[in-house]
Amino acid sequence: MAALAPGATIGIIGGGQLGRMLALAAARLGFKTHVYAPAGDNPAFDVATAHTEAAYEDERALAAFADAVGMVTYEFENIPAHPLAWLAQHTPLKPSADVLAFTQDRWAEKSFLSDLGLPVAAFANVETPADLAAAVERVGLPLVLKTRRFGYDGKGQVMVRRAEDMAAAWEQLGRVPCIAEGFVDFACEAAMIAARNATGEIVTYDMPRTVHEDHVLRRCHVPAGLPAGVEAAGTRMARQIAEAFDYEGVLAVEFFVLRDDDGERLLINEIAPRVHNSGHWTEAACAVSQFEMHIRAIAGWPLPEPARHSDCVMENLLGAEADDWQKPAAEDGAVLHLYGKREARPGRKMGHLTRLKRR
Ligand code: AMP
């Protein structure tokens, strides 16, 4: 596909804050956007050129959407396979449906990474009662049992400390296909945002150290304060994954950082084929944000160096914390981003604040 020229319409599947920030970045490069999302609170609708509120299975709405756009991307991974395959046949879809299929299934994703020789925690497939004991044997205890599909932010996962608790944990998750993962006693967590375009150009951002609370990202610290060799290893792994997939767009890689007497090393926790919360700091601390980089990458534009100009700490504003917007709005050196969601349910991502420190 030739580079998409300004004036074209980029379709975005998913109407949340990531779609909203993608639409804003696309507009800055002269693109129009059309957001497609099922009924609900869809803050991306407020900033897009057009939107369609319809179910993913609504074939007529999907066909009209495909006709209205020059290409499609997504901010959300849990899109049912059938409509996605249909869309991919009718309009360029980036990142590709193949990539999405891997990342929608934790087992396929971990197998892919491990086949590439990349470091991941021990893991085992759990699909039948007979797999439960074998998984404990293979992975060891404690372990985390996770549903293979449709999990996010800690949803669909249970910690298992004793072999005799495996069956109950699987029951609790609904006896659906699961993956058992060794529990990782990490020193901290980190992430890497990378982008690749169709000509094979790759750029990576500096590594943030990520802090989760109740499985939800709370803060990112940049720089991460990790040895340069660790950051370089994370960059190499992100590049290797992007190349292995012939990837187009922004890719996020989440890491566990292990520390022992020999120093730190990384294990990959998971990957996301989209812009990611651990890259929100880039809009305030870099010349080119992850959102603009994603639009450039899928549109086949050149990828400039992100050019980070500041150290920073990004903090998510969860639930009612965003009601207190006057305080951060008055803070010097802090970049406030509010998502315009209608309802501040507890723990819901309502906005983020990036505190900049000049380097
Ligand atoms: P996930 O949805 O798999 O990214 O998990 C969300 C968070 O749960 C991670 O960022 C970790 O803080 C924690 N977590 C997930 N898997 C493991 C594991 N195998 N060992 C230790 N902590 C984990």
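**Group meeting: a walk through the predicted model**

Hi everyone, let me start at one leucine: setting aside residues up to four places away in sequence, L173 touches L145, K146, T147, G156, Q157, V158 and C178, where contact means heavy atoms within 4.5 Å. L173 sits in the loop between helix 7 (166-172) and strand 8 (178-182); helices (H or I, at least four residues) and strands (E, at least two) are DSSP runs, numbered from the N terminus. With a relative accessible area of 14%, L173 is buried. For the cut-offs, buried means under 20% relative accessible area, exposed over 50%, and partly exposed in between, with a 1.4 Å probe and protein chains only. From L173 to V216 there are 43 residues in sequence and 19 Å in space, C-alpha to C-alpha.

A quick word on the ground rules. This is a predicted model, where local features need pLDDT of at least 70 and side-chain atom pairs count only at pLDDT 80 or more, while totals for chains, interfaces and linings use all residues. Residues are numbered from 1 along each chain as its sequence is written, and side-chain values use heavy atoms, with hydrogens and water left out.

Now to strand 1. Five of the five residues of strand 1 are buried, so the strand is largely enclosed by the rest of the structure. Both of its faces are covered, with T9, G11 and I13 buried on one side and I10 and I12 on the other. Strand 1 pairs with strand 2 in the parallel sense over five bridges; two strands pair if DSSP finds at least two bridges between them. If you want a landmark there, I12 stands opposite V35 in strand 2.

Which residues of helix 2 (59-68) are buried? They are A61, L62, F65 and A66. These four cover an arc of only 135° around the axis, which puts them on the same side of helix 2; the arc is that of the directions from the helix axis to the C-beta atoms. As a reminder, an α-helix has 3.6 residues a turn, so residues three or four places apart point the same way. On the other side of helix 2, E59, R60 and D67 are exposed. And what covers the buried residues? The cover includes strand 1 (9-13), strand 2 (32-37), strand 3 (50-53), strand 4 (71-74) and helix 3 (81-90).

Let me stay with helix 3 for a moment. Helix 2 and helix 3 pack at an angle of about 30°, with axes 10 Å apart. That makes helix 2 roughly parallel to helix 3. Angles under 35 degrees count as roughly parallel, over 145 as roughly antiparallel, 65 to 115 as roughly perpendicular and the rest as oblique. Axes here are lines fitted to C-alpha atoms, for helices over the stretch in contact, and angles run from 0 to 180 degrees between N-to-C directions. At this packing, L62, A63, F65 and A66 in helix 2 meet P83, W86, L87 and H90 in helix 3.

One more helix residue: Q17 belongs to helix 1 (residues 17-28). At 13% relative accessibility, Q17 counts as buried. Leaving aside its neighbours within four places in sequence, Q17 is in contact with P43, E75, Y339, K341 and K349.

Next, some antiparallel pairing. Strand 9 (residues 188-196) and strand 11 (residues 209-213) run antiparallel, joined by two bridges, and the bridge partner of E189 in strand 11 is T210. Five bridges join strand 11 to strand 12 (residues 216-222), again antiparallel, with R209 opposite H221 in strand 12. Strands 11 and 12 form a hairpin with two residues between them.

That brings us to backbone geometry. D214, in the turn of that hairpin, has a positive phi of about 50°, although it is not a glycine. At 72% relative accessibility, D214 counts as exposed. D246 also has a positive phi, near 50°, and is likewise a residue other than glycine. D246 lies in the loop between helix 8 (228-244) and strand 13 (249-260), and at 54% relative accessibility it counts as exposed.

Last, the cis peptide bonds. The bond from K94 to P95 is cis, with omega near -5°, and P95 is in the loop between helix 3 and helix 4 (97-103). Another cis bond joins L141 and P142, with omega about -5°; P142 lies in the loop between helix 6 (129-139) and strand 6 (143-147).
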